[in-house]
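Good morning, colleagues. Please bring the sequence and the structure up on your screens, and I will take you through a few local features in turn.

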Amino acid sequence: MSLSEHQAAALSAETVVVAAGRPPRKRDEPVNPPIVLSSTYFGTGPLADGDRGYGRYSNPTWDPFEDALAQLEGADLPALLYASGLAAVSSALSLIPAGGVLVMPSHSYAGSLVMATELAEKGLFELRTVDIADTDAVLELIAPSAGAPASMLWLESPTNPMLGIADIRALTAAAHDAGAIVVTDNTFSTPLVQQPLSLGSDVVLHSVTKYLAGHSDVVLGALVTSDAKIRAQLLHHRIIHGGIAGPFEAWLALRGLRTLALRIERSQASAAVLAERLSRHPRIEGIRYPGLATDPGHERAKSQMKGFGSVICIQVAPAGSRGGAAAADAVVHGLHLWLPATSLGGVESLIERRRRHAAEPHSVPENLVRLSVGIENVEDLWADLEQALKALDG
Ligand code: PLP
C-alpha cells in the first residue's frame, strides 16, 4: 500500500500525510483503506514471514498508518502501532537487558517515569534520572567515571510538562559510544517538527493519542525504528504482551493524520502569538515556550526542530489571598472556550494545572499550567485567557 520509494523520497511531509497509505490505484478500489474486523485469517501449515496468522500478530488496518508514520519519521521499516502510548513505552523499555541501566529525564511524561520507577524497584534495571537540558549532567550518567554505563538513554524533548530541550545530537552520540540504545519520545513535536532518527536516535516513540490522531477521540501509541533487529524484538514484545491497536482506532488515526500538517501549522502559529502575549502579562510569573527568544531552550530547539510546537507552560502569580496554585485553578475554571482537561495535541485547546495529578513529579511547580493550543481562532483563544486572568484582579 505504501508509496513507491521514488515517490516518497520526492514528496514533502505535508504531502506524505495526505498521500501515504492509500489502497492501489485500480479501478473501483476505495480511495481510503477499509477497516478489517477479523480476529483470525485463513491458513494451514507453518506460518511464514509476512503471514497474518492471527489478529494479535497483525491487522491490515494497521498497515497504512504504520507505513505513513515510518515515511514521516524517515524510517526504512514500517512503524509499530500499539494500544496506547504507554503500551509503546512498555515495549521500548523491554529492550533494556536484565540488570542494565536506564538514563531518563527527571521531567519525562509522568506515566513513563512511573513505569520505569516501578520496573527499577522490582530490580529489572537501574534507573538514573536527570535534568535532560543539562548536557554535562546527562553525559556523566551515560558514562560515569565509576559504575556501569547506560544501556538505554530515554529522551523526551521538549519534556512534558516542563518543556526542557535536550541536545539530541550530542546525547545520542555519547550514548552510542557507551553502547546504549536511544529512544526519543517525539509526541510533542511530531515528525513534521522534529525527526529524532535523523538526529541519531534508534527508536522514536509517539503517543498517537495526541497530535498524530489529533481529535481527542482515540488512545494509541507507536514506535518507529530503522533497525531490523530492534524492530523484531519490539514486534515480538507486542505479540506476546498483546498491547495491540483496535482496527477502528487505527483507521481514525490515519484519518486524523491527513490534516496533521494544517493542524500543526495553525496551532504553532497561534502558540507563538499567545506565548508572546502571556510572557508580558502581569499575572504570569513564569513561562516556558521554546519559541520565545528568552526561553533557555530557544537556541537548541532552533538547531534541531522545524518549529517550536504548540504547548506552552505558564506559572500563574499569587493573587490577593490566593496562592499560586489557587490562582492557577481559578484561571482554569474561569475559561469558557479552552477545555479544562488533561492531554494535548487535539484540534481543541486544552488547559490543565499539572500538579492536580498525584503522580506528577513534585519538582513541577504547583502553579504550573500547561496549555495545548488547538486550531481555533487565536484572538478568540486570547480573549478567553485574558478575561480569566483579569478575573483574578476582582
Ligand atoms: N508520552 C508523552 C509525552 C505523553 O504526553 C503521553 C500521554 O500524555 C504518553 C507518552 C502516553 O501516551 P498514552 O496516553 O497514549 O498512553
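This is a predicted model: local features need pLDDT of at least 70, side-chain atom pairs count only at pLDDT 80 or more; totals for chains, interfaces and linings use all residues.

Pro161 is placed in the loop between S4 and H7. The peptide bond that joins Asn160 to Pro161 is cis, with omega at about 10°.

Asn160 leads us to the ligand. Which residues are around the ligand? They are Ser84, Gly85, Leu86, Tyr109, Glu156, Asn160, Asp185, Thr187, Ser207, Thr209, Lys210 and Leu220. In the side chain of Asn160, an N or O atom lies 2.9 Å from an oxygen atom of the ligand. For the side chain of Ser207, the corresponding distance to a ligand oxygen is 2.8 Å, and for that of Thr209 it is 2.6 Å. Of the 390 Å² of accessible area that the ligand has on its own, the protein covers 90%.

I move on to backbone geometry. Thr190 is not a glycine, yet its phi is positive, at about 65°. Thr190 belongs to the loop between strand S5 (181-185) and strand S6 (203-207), and its relative accessible area is 0%, so Thr190 is buried. Asp28 also has a positive phi, near 70°, in a residue other than glycine. Its loop runs between helix H2 (13-19) and helix H3 (62-73). Is Asp28 buried or exposed? With 74% relative accessibility, Asp28 counts as exposed.

Another loop, between strand S7 (221-225) and helix H8 (228-241), holds Asp227. The side chain of Asp227 reaches the backbone nitrogen of Ile230 at 3.0 Å. Along the chain, Asp227 and Asp76 are 151 residues apart, while their C-alpha atoms are separated by 8.2 Å. Asp227 counts as partly exposed because its relative accessibility is 34%.

Finally, the aromatic rings. The structure holds one aromatic pair. The ring centres of Tyr54 and Tyr57 are 5.8 Å apart and the planes meet at 75°, so this pair is edge-to-face. Tyr54 is partly exposed at 35% relative accessibility, and Tyr57 is partly exposed at 31%. A further ring, that of Tyr82, has the charged end of Arg238 sitting over it, 5.9 Å from the ring centre.

Definitions and conventions. Residues are numbered from 1 along each chain as its sequence is written. Side-chain values use heavy atoms; hydrogens and water are left out. Rings of Phe, Tyr and Trp (its six-membered ring) pair if their centres lie within 6.5 Å; planes under 30 degrees apart count as stacked, over 60 as edge-to-face and the rest as tilted. Buried means under 20% relative accessible area, exposed over 50%, partly exposed in between (1.4 Å probe, protein chains only). A charge sits over a ring if NZ of Lys or CZ of Arg is within 6 Å of the ring centre and within 35 degrees of the ring normal. A residue is near a molecule or strand if one of its heavy atoms lies within 4 Å of it. A polar contact is a pair of N or O atoms within 3.5 Å; within protein, one must be able to donate a hydrogen and the other to accept it, and residues adjacent in sequence count only if both atoms are side-chain atoms. Accessible areas come from the Shrake-Rupley method with a 1.4 Å probe; for residues, only the protein chains shown count as cover. Helices (H or I, at least four residues) and strands (E, at least two) are DSSP runs, numbered from the N terminus.
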